[in-house]
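Biologist: Please take a close look at the salt bridges of this structure and describe their surroundings in one connected account.

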Amino acid sequence: MPTASRNIVDSEHLLIRPVQDFEIFAGFSCSLDGLDKYVCSEAKSHAEELLAVTYACHLKSDNHATSLLPVAFISLANDSVVLKAGRRKKMFRRFKHYDGYPAVKITRFGVRSEFQRNKIGSSILHAVKQLFLTENRTGCRFITVDAYNTPGVREFYAKNDFEDLPKDKPSATTHSMFFDLRRLITAV
């Protein structure tokens, strides 16, 4: 059985780990009713049904979590990215072309209201990107998200190098975006 530590991000300022006890989110609010409802009452059943894994994000000081109440959460699930033929050929010139390419989807992501606009969300996204570049169990080329279709949310993901993902049927409430993990490898 793999150890849980493999799915833990323990950096100088952040501790991100899979949630075992969802009671830690009692009193959590990121000021978006849908996200608050999800983390407080739906995330546990998603985990039990093997649909998503929710991670609690804690700030650290002196190598210890500063509070039992997380400053943020992020839920992740498997996904795939379907690319149009031209883009697929450009990105994967020397490889067999597939209908879909492996991805991890950010299904929900919320930062507690009092910690928003302090770059904590960007730090968490950076940590998730690194998590999928190290000790990758299977192929995972992309991180996807259906970002709320509001300027602030889309701008946040764009600042974190997510690009628009063309979809056949646009949604009025969300906008599909993706990050190519390969960019981090070629940047080094």
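**Salt bridges**

The structure holds 7 salt bridges, a salt bridge being a side-chain nitrogen of Lys or Arg within 4 Å of a carboxyl oxygen of Asp or Glu. This is a predicted model, in which local features need pLDDT of at least 70 and side-chain atom pairs count only at pLDDT 80 or more, while totals for chains, interfaces and linings use all residues. Residues are numbered from 1 along each chain as its sequence is written, and side-chain values use heavy atoms, with hydrogens and water left out.

One of the bridges joins Glu114 to Arg112, at 2.6 Å from N to O. Arg112 lies in the loop between strand S6 (101-111) and helix H3 (120-133); helices (H or I, at least four residues) and strands (E, at least two) are DSSP runs, numbered from the N terminus. With 10% relative accessibility, Arg112 counts as buried, since buried means under 20% relative accessible area, exposed over 50%, and partly exposed in between (1.4 Å probe, protein chains only). Beyond its neighbours within four places in sequence, Arg112 is in contact (heavy atoms within 4.5 Å) with Phe28, Ser29, Cys30, Leu69, Pro70 and Val71.

Another bridge pairs Lys105 with Asp79, whose closest N and O atoms are 3.5 Å apart. This pair links distant parts of the chain, with Lys105 in strand S6 and Asp79 in strand S5 (residues 72-81), 26 residues apart. Lys105 is buried at 18% relative accessibility, whereas Asp79 is partly exposed at 28%. Asp79, Lys105 and Asp146 are linked in a network of salt bridges.
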